[in-house]
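Here are some notes for a first look at this entry. Please keep the structure open while reading the points.

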Number of protein chains: 2
Amino acid sequence: MDILSKVKKSIRGLKAYDPGLTQTKYKLDANENPYDVPAVLKKAILKKAQRIPFNRYPDAATVTLKKNISKYLGVKTENIFVGNGSDEIIEYLMQTFVEQGDTVIVPTPTFEMYRIIGVINGAKIIELPLDKKFDIDEKAIITAVKKTKAKFVFLAYPNNPTGNCFSENKIMKIIESVDCFVVLDEAYYDFSGRSFLKCLKRHKNLIILRTFSKAFSMAALRMGYMIADRETVAAVNKVRLPYNINSLSQFVAVELLKADRTKVLEIIIKERKKLYALIKEKYECVDSNANFIFLKPKTPSKAQKVFEAQSISVRVFTAGPAAGWMRLTVGTPAENKLVRQILKRGV
Amino acid sequence: MDILSKVKKSIRGLKAYDPGLTQTKYKLDANENPYDVPAVLKKAILKKAQRIPFNRYPDAATVTLKKNISKYLGVKTENIFVGNGSDEIIEYLMQTFVEQGDTVIVPTPTFEMYRIIGVINGAKIIELPLDKKFDIDEKAIITAVKKTKAKFVFLAYPNNPTGNCFSENKIMKIIESVDCFVVLDEAYYDFSGRSFLKCLKRHKNLIILRTFSKAFSMAALRMGYMIADRETVAAVNKVRLPYNINSLSQFVAVELLKADRTKVLEIIIKERKKLYALIKEKYECVDSNANFIFLKPKTPSKAQKVFEAQSISVRVFTAGPAAGWMRLTVGTPAENKLVRQILKRGV
């Protein structure tokens, strides 16, 4: 049998994701929290986890977890949907609402998975470039939604990789003007403190994504969630695989919600400001509301190597709308000191 | 915005999966292994798991896990694909190969997720009934594949919920006759000892699914895997979400592969035989190669209640091709004793 001829036409051009296994000492390329869950807490959680029956399927309805997120956010459980990472929620959204050929609108540059998952699920992606200040062109977005009867607008808030929050007024204008879903991906909310959560009740077309991967240092365990109108949650539940969230991740997330992450967040934000103060003196860059900084190295082709020579992984964009720029994750104070030394010498 | 009008037409009729939260003492409704991972081993694994950095994303390529599965099976890593449960692999297969309206062929009754996941991903499902001996009608399947240019035939081996292994010759005939993928879901392989793994090299259209949920008592942690031609694996990797398998599940699976499950499997199989010996005397039923038994209660409408009165959950089918039948998971010897007492009194 000719396997390749059986592959769905729309995905033949897609490349499998390359994890880019660089063996560096300092990982500043994936916007992870540089601080793990404190060892004492992790030990206590894993000890308590012995009571989880490994032989039984997880709670398919994630009842306890949703109750705890509900309490944490002050939002009803019927408005909460949990995914195996936000990636999975983006996928379920597409599967629920996108008919073959429906359009999905994304600004560019932004988080790549909106486009990739859209293509996998039969969407036609319309990419609208950010303006010179890396803000959205809300008029172009509204026009494109109306013209193509788009199903989704995806906006990362703050945006990845640029790190800034788009103008609140422009986003509100979009939400109020369009008859389609506006997904605000607030993965980095804990570093920006800005959210559209308060607008959910008035706007049925608003969907908010959050994650445990960043502030809660839980990237390893894959846990994202969506807050949306109950009808949206109910619709997306139609396509959810019943046991999408494993028991251990459910358990750890509930335990971590009790942990106070304020200190860790304060350190990261303080470090980001310190790093930005240096960067803006020497480089074209964007002020950040996240845990990473977007900047333009003088010699992009060499930047990766210069950092890797110090065993630091960073993300340098060599193609696409962010080509020639790089994204630096804020690390620990010691890591950031190394980074500042490199940036001072010039990259 | 009218949310319901935005839902993709093909899934509007789907119902969200209902976990059916019955608060019984004995769970014999989900084909789980009645034995958890031994407490000492679980404790040791969770202690060792403290070294996993929770703040870092999982290994997207699941390198160590695939190496260990490779060694365990004697199959190359390039032929292995790991999923967040077999459900996710079924979904990825559909996403990779099924164009809108392509047909997928399933015998019936069988594992419901083939149909549900197919519908979600735009497939047209053709259900072909099993014969009176609960075996497949291979001629009907081959004809249907050719007539509709089907993309997949899904066969559970042993079949769920009937518990029997379909005729090996008939399956081989299908594999050799069709120009489409034949997916053999060997989730219950460890209870049957029968596999098509040895046929993989000669048949590029063969795909085998296995799981850690049953023999390895790892249902809670969601871990299924596929063994297939390297081109199939490469194609499916195009649609895989990069971090689909969390770090803890990867870690636990590697540790559990070292554990000897022979004793546990022997007990379950011995118990199944003992249970079947009683059932076949009193009920219409199917001899089982799995860890569950399919039988026809005398009064199906009451069967559920009779078991629940003893705090036992069982699966009674009230609609569809298995209507009027029930599926009983083999439990611990003590649980099975209770079950036998009920069956002796009559249900």
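1. How many bridges join strand β3 of chain A to strand β5 of chain A, and do these strands run parallel or antiparallel? Two bridges join them, and the strands run parallel. Strand β3(A) covers residues 103-108, and β5(A) covers residues 152-156. One pairing can be found by residue: A:V104 has A:F152 in β5(A) as its bridge partner. Note that this is a predicted model.

2. Now the whole sheet. Chain A has an open sheet of seven strands. Their order is β2-β8-β7-β6-β5-β3-β4, with mixed pairing. So β3(A) and β5(A) sit side by side in that order.

3. Look next at the edges. They are β2 (80-83) and β4 (124-129) of chain A. Each of these strands pairs on one side only. On average, neighbouring strands of the sheet are turned by 25° against each other, with direction ignored.

4. One helix to locate is α2 of chain A, residues 63-73. Helix α2(A) lies across β2(A) and β8(A), the latter being residues 224-228. Its direction is at about 120° to β2(A). Strand β2(A) is also an edge strand of the sheet.

5. Then turn to the two chains. In chain A, 71 residues are in contact with 71 residues of chain B. On the chain A side, the elements giving two or more residues are α1 (39-48), α3 (86-97), α8 (230-237) and α9 (247-257). Helix α3(A) gives the most, with six residues.

6. What is the class make-up of the side of chain A that touches chain B? That side has 35 nonpolar, 16 polar and 20 charged residues.

Key: Residues are numbered from 1 along each chain as its sequence is written. Chains are lettered from A and ligands numbered from 1 in the order in which they are written. This is a predicted model: local features need pLDDT of at least 70, side-chain atom pairs count only at pLDDT 80 or more; totals for chains, interfaces and linings use all residues. Helices (H or I, at least four residues) and strands (E, at least two) are DSSP runs, numbered from the N terminus. Axes are lines fitted to C-alpha atoms, for helices over the stretch in contact, and angles run from 0 to 180 degrees between N-to-C directions. Two residues are in contact if their C-beta atoms, placed from the backbone, lie within 7 Å. Ala, Val, Leu, Ile, Met, Phe, Trp, Tyr, Cys and Pro count as nonpolar, Asp, Glu, Lys and Arg as charged, and the others, Gly among them, as polar.
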